[in-house]
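Student: Hi! I'm new to this one and would like to talk about aromatic rings. Can you show me the model?

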Amino acid sequence: ITAALFIVASIAFYRIWFNVYGLTAGLDATSVEYNTYWWNLLIIQMPVIFAANFACWFYLIATRVRDMASMPPAVELKNLFYMALWLFAYTLAVAPVGVFTETDAAWHQTVMRDSAFGPTHIILFYGMIPIYLFFGIGSFIYAMTRVPIFARGISFMHVLAVVGPFLILVNVGFNEWGHAFWLTEEIFSHPLHWGFVVLGVTAFALAGVAAQMTMRFAELFPVVFKNEDA
């Protein structure tokens, strides 16, 4: 619940912030207003979000279960539920990125960029994407350190669902390099952007992770509840 509220609050903050300042203080990257409302937002949010990411991931690794072979079925079932909550938060954080992507497209069709750190990029690439990485990579580490069926091997579906959307952030560099030479702002369907679509679609691999979890749930439920009845 806390994670969901944080994600919703972040989305609301970014939406309101952009609506207020995106078309008034973000049009000229050399202006005082841009530095006040956008550059300051960037240099504050980036260290905070990534510090939270690395702190959480380190904590999950440091507190990992070291003897999964002797994990009771009831504990494994509980950890599977927690993993499902991690994936729910990840999905909740990824979904609004599509909306902010359309905002980015509309903004670029209206305003010619004069900086790689435009208002929509500061929100989308350096705000929302690092937030969903918190939950995506966090879910993978949680699964590998606390859920036996995922710790015994690497789930290809889970890797695809996490690494694909993660590479969107890496693809930003290629995107900015291309725009610096070709200036194709008004053509959002330009091949330069196809990587974002392909990498975004990989999030659907979460359905495969859900299938793997469901099969294990089906095995654990009879065992756990039979023991409780006894």
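Tutor: Here you go, and bear in mind that this is a predicted model. The structure holds 21 aromatic pairs.

Student: How are the rings of Tyr21 and Tyr37 arranged?

Tutor: Tyr21 and Tyr37 are stacked, at 4.0 Å centre to centre with 15° between the planes.

Student: Which helices do Tyr21 and Tyr37 lie in?

Tutor: Tyr21 belongs to helix α1 (residues 2-21) and Tyr37 to helix α2 (residues 32-62), so their pairing ties together parts that are 16 residues apart in sequence.

Student: And is Tyr21 buried, partly exposed or exposed?

Tutor: Tyr21 is partly exposed, with a relative accessible area of 22%. Tyr37 is partly exposed too, with a value of 27%.

Student: OK, on to Phe217 and Phe221. Why is that pair stacked?

Tutor: The ring centres of Phe217 and Phe221 are 5.8 Å apart and the planes are at 25°, so this pair counts as stacked.

Student: Where do those two sit?

Tutor: Both Phe217 and Phe221 are in helix α8 (residues 206-229). They are four residues apart, which is about one turn of the helix.

Student: Is Phe217 buried or exposed?

Tutor: Phe217 counts as buried because its relative accessibility is 14%, and buried means under 20%. Phe221, at 31%, counts as partly exposed.

Student: Back to Tyr21 and Tyr37: which aromatic cluster are they in?

Tutor: Tyr21 and Tyr37 form one aromatic cluster together with Phe13, Tyr14 and Trp17.

Note on methods:
Residues numbered from 1 in each chain as written. Predicted model: local features only at pLDDT ≥ 70, side-chain atom pairs only at ≥ 80, totals over all residues. Heavy atoms only, no water. Phe/Tyr/Trp six-rings, centres within 6.5 Å; stacked < 30°, edge-to-face > 60°. Buried < 20%, exposed > 50% of the residue type's maximum accessible area, 1.4 Å probe, protein only.
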